[in-house]
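Let's take a walk through this structure together. Have a look at the chain below, and we'll start with one residue before stepping back.

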Amino acid sequence: MNKKILSFILAASMAAACSTAVSAGEQEGGIVVLYTNDIHCAVNEDEENQVLGYARIAGLKKQLEAEGNDVILADMGDAIQGDVIGTLSEGEYIIDIMDQVGYDLAVPGNHEFDYGMDQFLSLAEKASFPYLSCNFKDLTSGEPVFEPYEMMEADGKTIAFIGICTPKTITSSTPKYFQNEDGEFIYGFEQDEDGTALYECVQEAADSARNEGADYVIALSHLGIDASCTPWTSSEVIENTSGIDVFLDGHSHSVIEGETVKNKDGENVLLTSTGTKLSSVGELTIAEDGTFSSALISGGMEADPETEAYINDINTEFEGILNEVVAETDVALVVNDPATADQEEPVRLVRTCETNLGDLCADAYRAVTGADIGFCNGGGIRADIAAGDITYSDIISVQPFGNEICMVEATGQQILDALEMGVMDLPAESGSFQQVSGISFEIHTYLDSSVQLDADGMFQSVDGEYRVQNVKINGEDLDPEKTYTVASHNYMLKNGGDGFNMFQNCNMPLEDIMLDNQALIQYITEDLDGTVGEQYADPYGEDRIVIVEEEP
């Protein structure tokens, strides 16, 4: 890799040095670090959704270089997952595009591991840029899997870029990817209860880089600032270390134009992050006097024609992959009631009662997480699958929203409340009706719903007799006081979608581990050996949900 330079002196007052920009091209003849984070497969420009796309990043890089700037481009993780183009190529298309754009450095985000350890390590080896991480360790040897930092030189100055991964990676990807065949963890991220292990690891890397001759040190971190990330937030790492001048951050999708955080020696450290989905690109500039400024650029850049053409070719290949056969089903899998198939507006069965496709989706959620229960809202299951070949396009049509699979620890009472809320509108259709796995129950529809919602439509309570009765979890009566694991997606478990707020304060052992459609593909191809068989033959399911219309 060509060696480059980034030289700067931390200004006494960083807040005054930080700025926001909406257009590019003002810097001439200086040193620029462009930075991205949490792109999540936002490959193409999309003006309506304010997505820049990779071609404009390449255009900005070339524009700044043409103006005489020395430009370094770095990514802070979660680039290869988040949309179908990542899922179906297992990240390969994204790495190819990043190579074309001209990335110099990257740090693994938690979602870089979503296609398995072997696949990510293969992608990292293929990439023309190095992945860095001081705390992604091979526990069998105790050594970092990647180099902890990269030194770059120019103009007689040296800078070290240190990679830092969030220790939450193991629980925000799939834990088995970090284990051996015996279920023992063979990879780790210096996770502990108080953050000390990570702080010491980062400090060791910073000290080593300084001792090696680094004039300045920049952290490329996938840590985030959310409270759920404590004690490993970027701010907490800054506060407990020294010797790092700038943190370019990712993970929490935060928009941080430029903030100052005191390190453990009381010195100012610049913290910045670009948000997500390429709504902007970060630009760290270094003036001749050694001062720097940061900005988030969202306009004023032209797409690079060469990169644009390359991405168009990728998109054409991708369209072909969508039509590839990946599995088969011996039975028709339904959203709509087969009895109304000839009607102008078929009944959307999945929103009122159990269906075999609903069972399949909920089973997939449960299988990829190992949870006691799987929930999948009927409104998130959108298309039938006919008997015969299953293409990638068929899978994406079933679950087109790209929600991410999570798992929470919830009480039996919380589970019962969620089921009750899901059936409150029956017999009318409702997108919040839950298709389930690992659980069975009756719905006594002769009872009026007594679910109480607040003014925003969020769950408050059940003030009368429950319509949901005789609930069994894996064959045993539900215990309202017992804690169970529940798998669903971030829309329901984290974001309170459809008003399901009863899970939002629950412990979440697994968070955003993969897309819902990716889970469905994995379940069919791996757990079912590529064929949906007779266990899903009945379009009305397996009597996991029984509707009782009259009082016994």
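Ser133 has a relative accessibility of 0%, which is under the 20% cut-off, so Ser133 counts as buried. Keep in mind as you look that this is a predicted model. To find Ser133, go to the loop that runs between helix H5 (117-126) and strand S4 (137-138). What does the side chain of Ser133 make a polar contact with? The partner is the side chain of Asn135, at 3.3 Å.

Now for another loop residue, Asn49. You'll find Asn49 between strand S1 (31-36) and helix H2 (54-66). Is Asn49 buried or exposed? With a relative accessible area of 52%, Asn49 is exposed, since the cut-off for that label is over 50%. The side chain of Asn49 makes a polar contact too, with the side chain of Asp46 at 2.7 Å. Then look across to Ser279: this residue is 230 residues away from Asn49 along the chain, yet their C-alpha atoms are separated by 8.2 Å.

Next, a whole element. Helix H12 covers residues 412-422, and it is mostly covered, with 9 of its 11 residues buried. Which ones are they? The buried residues of H12 are Gly412, Ile415, Leu416, Asp417, Ala418, Leu419, Glu420, Met421 and Gly422.

Time to step back and take in the protein chain as a whole. Its secondary structure comes to 14 helices and 28 strands. The radius of gyration is 25 Å, close to the 24 Å that the globule rule gives for 552 residues, so the chain is as compact as a globular protein of that length. Along the principal axes, the C-alpha trace spans about 85 × 50 × 50 Å.

How much of the chain is tucked away? Buried residues make up 59% of the 552. Contacts across the sequence are part of the picture as well: among those between residues at least 6 apart, 77% join residues at least 24 apart.

How many positive and negative side chains does the chain have? There are 23 positive and 103 negative ones, and the centres of these two sets lie 4 Å apart.

Methods. Residues are numbered from 1 along each chain as its sequence is written. This is a predicted model: local features need pLDDT of at least 70, side-chain atom pairs count only at pLDDT 80 or more; totals for chains, interfaces and linings use all residues. Side-chain values use heavy atoms; hydrogens and water are left out. Helices (H or I, at least four residues) and strands (E, at least two) are DSSP runs, numbered from the N terminus. The radius of gyration is taken over C-alpha atoms; the globule rule is 2.2 Å times the number of residues to the power 0.38. Buried means under 20% relative accessible area, exposed over 50%, partly exposed in between (1.4 Å probe, protein chains only). Contact means heavy atoms within 4.5 Å. Lys and Arg count as positive and Asp and Glu as negative; His and the chain ends are not counted. The place of a charge is taken as NZ of Lys, CZ of Arg, CG of Asp or CD of Glu. A polar contact is a pair of N or O atoms within 3.5 Å; within protein, one must be able to donate a hydrogen and the other to accept it, and residues adjacent in sequence count only if both atoms are side-chain atoms.
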